[in-house]
Structures are given as C-alpha cells and as structure tokens.
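Here is a walk through a two-chain model, written for someone who likes to follow along in the viewer. Keep the structure open and turn it as you read.

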Amino acid sequence: MNRKTKSLPRVFLAGVVLVVLAYLIACAAMEKGVSVLTSPEKLSQKDKASLLRVAKALRSSFADITEEEEYYIGRSVAATILATYPALNNSRLTRYVNRVGQAVVLYSDRPEIFAGYHFLVLDSNEINAMAAPGGFIFITKGLLRLCRNEDMLAAVLAHEVGHVAAKHGLRSIKKSRLIEAFRLLASEAAQRSGSAELAKLVSTYESILGDITATLIERGYDRKFETEADELAVKFMTRAGYSPTALSDFLAALASSAQASSGKGWFKTHPAPEKRLAKVSAKIKALPQVPAVAKVRTQRFHQYCSRLK
Amino acid sequence: MRKKIIVMAVALLVGLITFLLAETLLIKVQSTSLRKRPEFYAPVVAKLYYGQKVTKLAEEGGWVQVRTDDCLVGWLHSSAVETKKIRLLAMNQTLKTEASSQEVALAGKGFTKDLEKAFREKNKGLNYAQVEKMLRIKVTLSELKRFLREGKLGEWGRPK
C-alpha cells in the first residue's frame, strides 16, 4: 500500500512530461498548418497535392464557394448586366444611393463581404433592380421614380442586400455544373494553359455565370427566395431605423404602376406585388415596434431625386 | 504533495486541451478593421487583410473577439471571418484531413483572377470598365455616421 502511494507521484510526473511533449509536438504541427494557410506560395508539391485531394472531397455546393470566388463571379455577372444596361451619369445621385445602401448594409446580417457592397443607378426607364453575388447592386432610374421617399428606396435596396446576404445568386447555379467546375478546378491538368481541361473549365464557368445572369434578367429567383428577401428587407430596415411599411408602400406603388402589365423588368422576374404585399404586411404586424418615416429623410430624398421626374 | 501534483497535472491538461481547441479563424474579406469594442463605430485597433490568421477568444452578438499573431486583441464582425474549425490534431502524413474552402482557394484552385481572364478573352464586349468604376465608389464610416445621424437612423433614431 505504502509503496503504491509513493509511486503515484512518479506516474503523475511521467504524465506531466508526456503532456508537455504532446504540447510541443502540437505546436510544431500548428506552425506547419498555419504557414500553409497564410503563405500559399510556400506550399510544397506534396502539400499542394494533399490540398487538391481535400478539395475534391470537400467542395460540392454553393456554400463551398469562397468570398473571393463570389466576388469574382459577381464581377463578371455585373459586367454582363452593364453591357445591357448603361449606368446613369449622375455622381451626386450615385453617392446618395450608396449612402442609403450602406446604411442598410451596416444593419444587415452580412455587413462584411469580400470587396464591400456597391450600388449603381442604371439609365433605364424599365422598373428593375438586381443584385449580383459579391455585393454589386443595381437599381434603375424607372424604379427610383416610383419611390416617394428615402425609406421606399431603402426598402428596395434592403431587398437586394437580402438576396446577397442569403447568397441567392450563388444558389441559382445548377448543382451539377458547380460539381463539374469543382472537379475541374481540382485537376492538375486544368492548371496547364492550353489543356482540354482548362477549356472545359472556362466553358463550365461561362455556364455558371449564365445561370446567374439568366436568373437575374430573365427567369427570376425561386419564389421562396423572393419571400425571404422581403423578410430580410423588413428585418434590416427596422434595425437601421427605416420604416418597414415603406416596403408595403413600394409594393402598392408597384401594383398600380402603368408598367405592371408590361411584363418587363421586375414584373417579369418577381411574384405579383399584391401577393408579396400580404406577406410583408403580416411580417410588419408581428414587429413589436416600427420606426416611422422621418421628414428630414424625405426632404433629402427629394433634393437628390426630384430632377428624375 | 500528491494532491498538488494532481492539481498541477489537471491544470496543465486543461490548459493544453483549451490550447488545442482554440479556434483559428481566417480573414475572408479583402480587408477589415479590428475594433476595440463589438460595434462598427468603435476605435480601430488594427487593419487586417485577406488570409490573415487570428485566434478566437470570445463571441458576442454577431461579433468575435480575437487575438492576432502580434498579440493585438480586438473585435471583428463574424461576417469577416471563416469560422470553419481547423483540426490541428488531424495533421500527419496528409498534412490535414480537413481544409476549408478558403484554404483551397488560397492555394490558387478557385474561381479567381485567372479564370476571369480566360472568360474575358472568350467574351469580349462585357463592361468590366464600369465594374471597376463601381468598385471605386466608397462611403467612409465617418460619412455614413453623419448620414445616419442627419437622417435619424441607427442609434440616432432609437426612441429615448
């Protein structure tokens, strides 16, 4: 008994030594892992190969697209939109729209994205607004004309920020195409210029961008994404201090617009405003407190937007 | 004496486990500010850049408290960091059995600049010039703060 108690501290001492040893090994392991993460240029061929193996096994859905990739996808979608719709040449108005947009972004669920959010007014009478992945948000002159105050403009921008925050653009990529692209990206052959795999990768990438652009301009999102974007708009606006009833006002204005029967722009890509209105109103009713439209905001809105009429 | 050693060993073990479980986060946006408090208006402690590594210390209302490599402590909005855990103990011959998407993209196997270049060569006539112009529009935080205050928005709009 006595011998046993005496030997116990030794056992613990050995345990302590073992723990310290494990700690040192772990430290070294971490150092290696971390250096791989932060300086990709220093990757050894072996490490690169293992990362590729991981890539193949790991990436399978829109959720595996990184922020940087989302930004690059967004750039090309935006460049496609801007090849069809020219930008409005009014830097004062652009600045104002960006301030309203950033106010909503700050109170959104995803205030930080790779290169930040950017807003642009398109020189078109069509009533339309679009959000490319990566935070490129467009609103037409025609839609701005439909807004009567800053809160209504904030409602439209919050709806678009909602699409970006919930990654609806990336979700509209066909899954099979994405898996194909991930597979090609992970193949060594696609890294060589002039290879058949690289050509295939580029054309798969083209189709991916086509999926998103067609959704934004032609097909419209899935109805459930539109409902979600409306709900997020109510949430972000209320947090920012804008009146969420401005979204209802906007939808009512949309319903009574002369363009409603044209089947163009938002009317083509969005569910009927009347249907959205009922859902939005129910959402607002459930809120404990609703900010009101402030006069000072409506005044500054007219300063910037009155000349558009 | 025996008790002391037990306590010490347990403490060391707990410390080691905490260390190994410490979450390493990666900055996933181009640049962001490390702030003194968990809010956008708080003073900036440091500027952090894409791919930089930080250690998570705490979490609060959509913000994470982190420590940088040079031991600066501050808060980041959770949307600025990749939260996927890095399994330190899983590293051996294959380096790691789990990697986040960002690590893979950092290794240069993603939809990045090179792919855009190849796409642009095939698709002339797209308006990237306007995209670059759009990217140059910047609203500074102080400008936004003034805008919010004037418009009775954010914390300036809450009922007193």
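In chain A, among contacts with a separation of 6 or more, 71% are between residues 24 or more positions apart. This is a predicted model, so please read every value below as computed from it. Buried residues make up 56% of the 309 residues of chain A, and its secondary structure comes to 14 helices and three strands.

**The sheet of chain A and its helices**

Let us begin with the strands. Chain A has an open sheet of three strands in the order 1-3-2, with mixed pairing. Strand 1 (118-122) and strand 2 (129-132) of chain A stand at the edges with a single partner strand each, so one side of each has no neighbour in the sheet. From one strand to the next, the twist averages 20°.

Strand 1 of chain A and strand 3 (residues 136-140) of chain A run parallel and are joined by five bridges. If you want a pair to click on, A:Phe119 has A:Ile137 in strand 3 of chain A as its bridge partner.

Two helices pack on this sheet. Helix 3 (residues 67-84) of chain A touches strand 1, strand 2 and strand 3 of chain A, and its direction makes about 25° with that of strand 3. Helix 4 (residues 91-106) of chain A touches strand 1 and strand 3 of chain A, and its direction makes about 135° with that of strand 1.

**Two helix pairs to compare**

Two packed helices are described by the angle between their axes and the distance between the axes. The table gives these values for one pair inside chain A and one pair across the chains.

| Helix pair | Axes come within | Crossing angle |
|---|---|---|
| Helix 4 of chain A and helix 6 (residues 150-165) of chain A | 9 Å | roughly 60° |
| Helix 3 of chain A and helix 4 of chain B | 8 Å | roughly 120° |

Helix 4 of chain A and helix 6 of chain A are therefore oblique to each other, and helix 4 passes helix 6 in a right-handed crossing. On the helix 4 side of chain A, the residues that meet helix 6 of chain A are A:Tyr96, A:Val97, A:Val100, A:Gly101, A:Val104 and A:Val105. Their counterparts in helix 6 of chain A are A:Glu150, A:Leu153, A:Ala154, A:Leu157, A:Ala158 and A:Val161. By class, this contact has ten nonpolar, one polar and one charged residues.

A:Tyr71, A:Arg75, A:Ser76, A:Ala78, A:Ala79 and A:Leu82 contribute from chain A. From helix 4 of chain B come B:Tyr128, B:Gln130, B:Val131, B:Glu132 and B:Leu135. The residues of this contact divide into seven nonpolar, two polar and two charged.

Which residues does B:Leu126 contact, leaving aside its neighbours within four places in sequence? They are A:Ala79, A:Thr80, A:Ala83 and B:Phe119.

**A buried helix face in chain A**

Helix 11 (residues 245-255) of chain A has A:Ala246, A:Leu247, A:Ser248, A:Phe250, A:Leu251, A:Ala253 and A:Leu254 as its buried residues. These buried residues pack against helix 5 (141-146), helix 6, helix 10 (223-240), helix 12 (266-269) and helix 13 (273-285) of chain A.

**Strands and loops of chain B**

In chain B, strand 1 (residues 24-27) and strand 4 (residues 53-60) run antiparallel, joined by three bridges. B:Thr24 has B:Thr55 as its bridge partner in strand 4 of chain B, and B:Thr55 also stands opposite B:Arg67 in strand 5 of chain B.

Strand 4 and strand 5 (residues 63-68) of chain B pair in the antiparallel sense over six bridges. The two strands form a hairpin with two residues between them, and B:Gly61 in the turn has a positive phi of about 45°.

Positive phi also turns up in residues other than glycine. B:Cys71 has a phi near 65° and lies in the loop between strand 5 and strand 6 (73-77) of chain B. Is B:Cys71 buried or exposed? With a relative accessible area of 57%, B:Cys71 is exposed. B:Lys152 has a phi near 50° and lies in the segment after helix 5 (141-150) of chain B.

Notes. Residues numbered from 1 in each chain as written. Chains lettered and ligands numbered in written order. Predicted model: local features only at pLDDT ≥ 70, side-chain atom pairs only at ≥ 80, totals over all residues. Heavy atoms only, no water. Pairing = 2+ DSSP bridges. Helix = DSSP H or I, 4+ residues; strand = E, 2+ residues; numbered from the N terminus. Axes fitted to C-alpha atoms, helices over the stretch in contact; angles between N-to-C directions. Contact = heavy atoms within 4.5 Å. Parallel < 35°, antiparallel > 145°, perpendicular 65-115°, else oblique. Left-handed = near helix turned anticlockwise from the far one by under 90°. Nonpolar A, V, L, I, M, F, W, Y, C, P; charged D, E, K, R; others polar. Buried < 20%, exposed > 50% of the residue type's maximum accessible area, 1.4 Å probe, protein only.
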